[in-house]
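Load the model in your viewer and keep the selection panel open. The stops below say what to select and what is found there.

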Amino acid sequence: MVWADMISLYSIYSIWLLLIINIILSIGGFLYYLRVSKTDGHIPLEEYPMVSIMVPAHNESVVIGRTVSALLKFDYPKDKYEIIVINDNSSDNTAEVLKKIQENNPDRYIIVVNTDSVAGGKGKSNALNIGFSVARGSVIAIYDADNTPEPEALRLLVENLMSDNKIGAVIGKFRTRNRNASILSRFVNIETLAYQCMNQAGRFFFFKLCTIPGTNFAIRRNIIEEMGGWDTKALSEDTEISFRIYRMGYYIKMMPLAVTWEQEPHLLPVWFKQRTRWAKGNIYVLLKNFKYIFDKSANRMRLDILYYLLVYLLMLSSLILSDIIFISGILGYVHVSLSGFSSLLWGMAILLFVLNVLITLAIEENEFSLQSAILILIMLFTYSKLWVLVVLNAIIQSVSDRLFKREAKWEKTVRYAEAAVEINNK
Amino acid sequence: MMYKKKFMVLFILAILVFLNVIPKSAVKSENSWEDAEILIIFNNNPNQEEISGVQTMVKILTYLQHSVVFASVDECIPVLRDYDFIICYDLRNVPDYFVQSLVNAEKAVMMLGGNCAEAYTSQKGYMVEYHWISDSIATVKNSLYAEEPFTSLLKLKDCVLLNGYFSYTTGELDVDGQKSSLYMRVGNFLYTPISDLSEPSMQALFTKEVARWLWPYNGEPHSYAQYIVLDEVYPFVEPQKLMEIVDYLIHYQLPFVISVMPIYQNTEYPAMKRFCEVLRYAQANGGAIILHAPIIQQYGENTELLKKYLSMAKEAYISYGVYPLGIQVPDSYMFIEAQREILKWYSTVFFYKDNDDISINLDERFNYIYKNGHQIIGPAICLGRHGNNQVKTHLTAVYIDIYDGMEKVKEQIHACIQSRISIKSLWNTYNVVYGNNIYLNTDQGQLYYNNNRVSLKYEPFEYEEDFNYKNDVFHWIAKDLRSLNKVLIIVVILSSTTFLAFIIKARHVNKRRFLISSKRR
């Protein structure tokens, strides 16, 4: 058996293993969605706790007004929540926009923390730590500066959080507000629904495992205090904090009825930067927590580490190797003599992938269409390949940061005014 | 100032040459034209159909063992006199001076279709009538070597039908009541209104007529024999099945060839030994073995790698006493330099029709395979009720698919017996095969391996009772792939069904607005 055969075998087994895991998670996710859809998601409380909503904002003048307006419309008792916007060393007119909102809403708790380049401008984790220092609530809710949550989102998150002492945090679902802005944002929309929402729901259904998505979630104040705030070295503070919550013996619940809409990148360079940051952050968290995979006390967190290992090691390597074999085969450099694996199965695997994603779209309104099915197919051969490039770039950057002892730099996602996008939507 | 001007002129000239503004023919030396017997002329800027036609003619002329040059009208005007035989293929709207040059060249001319036959024949002074036909469907009748004539419908491009006094005619053509012969000859001018050579019957007819036209003497040209070839025989074929066919051929005392697929790995397995046992039995009873070219998607420039693999395959067979005497390759090999290089290791080359894709490189302008001096065997064209071979003007191979079932195989063998073409044994020809440390040759029915005479006497092998397959974990996993197929197909069917049910359920629930609503947006 030659090395090309061995690599092919490795890729075949890995890809099918990951596909089967995904199928199982999608089934779990669907069943969970179905179960939740039979209720309104609410678990009324006798007394609603004080909530501090924290919104880190760095040069967000384009979107921040819309975000705070949406936060003010929550159906949560108005005297029971405060909005803390951390205007993190912005060089645009974010401060003026926020000031105007404060002036227009004198009866609401809107706190704006303006930081300079000395205290601020060091990334989301740092901004959250600054915001946390002025927060009064026993529950902390986080929203990104480009979010427009639905009015009942906060109440759903808090009610579910308080329903069980073992729940450390509750996450909602996020949707793409500008999905029709470009073909890329359509891909992001599908990916968000299928992999960040359905997959999360599946993991929660089977293992009570979720990863905080960085926005639209509520967490107990005492947990943040106990863990000493956010890790400022982590580029994906959300994944990092999720791991710590599990290590502390809590679990994270998913409440898909708590929905927020956010702006996703519709330009490739912006998307590439954002995803590289996520991947770098996840690699950092994975390396930091890898030791716990052999530690029984880490509870179900070990499963999450395994899941990330599967994605970042098995999936990445098998996709790269299978592509190398495929291209080398076409160029005539490599000859695979492996026989017996039906090529029909590859076709069926593609069908399965499309159906898998279509389930997620079928659940949502105005998402399920033939056009979407075609997009999923195109996604498989384009967007999915870009993911490989993103992770490779993240690995190279992480290694070079470590070699040259550079601090990981927070690359802010560029926002766009959405007037044009809305015209597109019409 | 003067130097500046000169420099500018030279610079512009260089750019023009670089951009091909100055025609290639003007800058090309006449030395690039190969000596050949036949010149095929095609239209300037030929379309795909025309290139395909030229490719078919070059293949056939190569099987007929002729050297051929092919070029466009503009390219070949200066060299018309250099070739004894000129084939004008579907030429349309050619300049008058071309026809004049063709007439003045006084060479044997053959025209297939096109619209310059009238100009040529009138300038030659032939007494013929002309009937112009626009695009239409023609009824074609011809008998070839069969007893019963073939009748078929053929698409005819606008062309001219010639009627009058001809020294030779064959076949019939009927276009809306307007009749003509299919091929007609006067002096050394041969004409057919048909340029479409995509139909096998038209290819067979062209082969017959062009061979007769090229034949320098009176009467029919030489007749060539055919080979019965059991095609694409894989080592995993059931030995009993192959044995049954081999025995059948031996029973009828027919010489035959087995074209075996190359094998590079696991050649020590008992299955390979059993397969070679049958081949050795066939070899000892009049059968000859040739190697089938490996089926690889793309060869690229990796000639050395392919040669290495072919050597490995030859060594594997030779180690079991099976001696390949030639190679069987797709006909596209003759047009690609890297593949012609591979063929240099074999004196005997069997060509089979691969597909109708265009592989000819018009820029080569010559059938270079001819220079290699191979004994070339082209594919048979089997037509008619019994599927008899209709080509006897060059060596042909009747390829039999052994996977068709015994009855079909028997039918094909009987068609070969009943055809009027003799069946030849590869042992009666001189064959040479090279390889890394391999030199095989046959001479007067004797086989020599690295200059040592080899006996072909059949002696059964001895088999190990407990063969050690030396399976490692990778072999186990690879073997398990086959059983995994079934499991995965079941998984995929179950998952797809579940997913479809989920989609239907989700749509149903969504319609009733029970699921997550985005109305609140």
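How many helices and strands does chain B have? Select chain B: 13 helices and 24 strands are assigned in this predicted model. Of the 521 residues in chain B, 38% are buried. If contacts in chain B between residues at least 6 apart in sequence are taken, 69% of them join residues at least 24 apart.

**Stop 1: the sheet of chain B**

Show the strands of chain B as a cartoon and pick out the open sheet of 9 strands, whose order is β2-β1-β3-β4-β11-β10-β9-β6-β7. The pairing in this sheet is mixed. At the edges stand β2 (68–72) and β7 (150–156) of chain B; each has a single partner strand, so one side of each lacks a neighbour in the sheet. On average, neighbouring strands here are turned by 20° against each other, direction ignored.

Now select residues 38–42 and 85–89 of chain B. These are β1(B) and β3(B), which run parallel and are joined by 4 bridges. Within this pair, Ile41(B) has Cys88(B) as its bridge partner in β3(B).

Residues 48–63 of chain B form α3, which lies across β1, β2 and β3 of chain B and runs at about 170° to β1(B). Helix α7 of chain B, residues 200–214, packs on the sheet as well, and the strands it touches include β3, β4 (108–112) and β6 (136–142) of chain B. The direction of α7(B) makes about 165° with that of β4(B).

**Stop 2: a helix pair in chain B**

Go to α8(B), residues 239–251, and to α9(B), residues 270–284. The axes of α8(B) and α9(B) come within 10 Å and cross at roughly 5°. That angle makes α8(B) roughly parallel to α9(B). To see the contact, show Pro239(B), Leu242(B), Met243(B) and Val246(B) of α8(B), which meet Arg274(B), Phe275(B), Val278(B), Tyr281(B) and Ala282(B) of α9(B).

Next, move to Gln253(B), in the loop between α8(B) and β13 (256–260) of chain B. Gln253(B) is not a glycine, yet its phi is positive, near 55°. Is Gln253(B) buried or exposed? Gln253(B) is exposed, with 9 other C-beta atoms within 10 Å.

**Stop 3: chain A and its sheet**

Switch to chain A, which has 14 helices and 8 strands. Of its 426 residues, 45% count as buried. Among contacts in chain A with a separation of 6 or more, 83% are between residues 24 or more positions apart.

Select the strands of chain A: 8 strands form an open sheet with mixed pairing, in the order β3-β2-β1-β4-β7-β6-β8-β5. Its edge strands, β3 (110–115) and β5 (147–149) of chain A, each pair on one side only. Neighbouring strands of this sheet are turned by 30° against each other on average, direction ignored.

Residues 81–88 of chain A make up β2(A), which is joined to β3(A) by 6 bridges, the two strands running parallel. Here Ile83(A) stands opposite Ile110(A) of β3(A).

Between β1 (51–57) and α2 (64–72) of chain A, find Asn59(A) in the loop. Asn59(A) has a positive phi of about 55° although it is not a glycine. Asn59(A) is partly exposed, with 19 other C-beta atoms within 10 Å.

**Stop 4: helix α10 of chain A**

Select residues 301–331 of chain A. The 31 residues of α10(A) should span 45 Å at 1.5 Å a residue, and its end C-alpha atoms are 44 Å apart, which agrees. Centre the view on Leu310(A) to see a kink of about 30°. Just after α10(A) comes Gly332(A), with a positive phi of about 85°.

Which residues of α10(A) are buried? They are Met301(A), Asp304(A), Ile305(A), Met315(A), Ser318(A) and Ile325(A). These buried residues pack against α1 (3–37), α8 (237–247) and α9 (268–289) of chain A.

End at Ser318(A), which counts as buried with 20 C-beta neighbours inside 10 Å. Leaving out residues up to four places away in sequence, Ser318(A) touches Tyr10(A), Ser11(A), Ser14(A) and Ile15(A).

Terms used: Residues numbered from 1 in each chain as written. Chains lettered and ligands numbered in written order. Predicted model: local features only at pLDDT ≥ 70, side-chain atom pairs only at ≥ 80, totals over all residues. Pairing = 2+ DSSP bridges. Axes fitted to C-alpha atoms, helices over the stretch in contact; angles between N-to-C directions. Contact = placed C-beta atoms within 7 Å. Buried ≥ 20, exposed ≤ 12 C-beta atoms within 10 Å, placed from the backbone. Expected span 1.5 Å × (residues − 1). Bend = angle between axes of the 7 residues up to and from the residue. Parallel < 35°, antiparallel > 145°, perpendicular 65-115°, else oblique.
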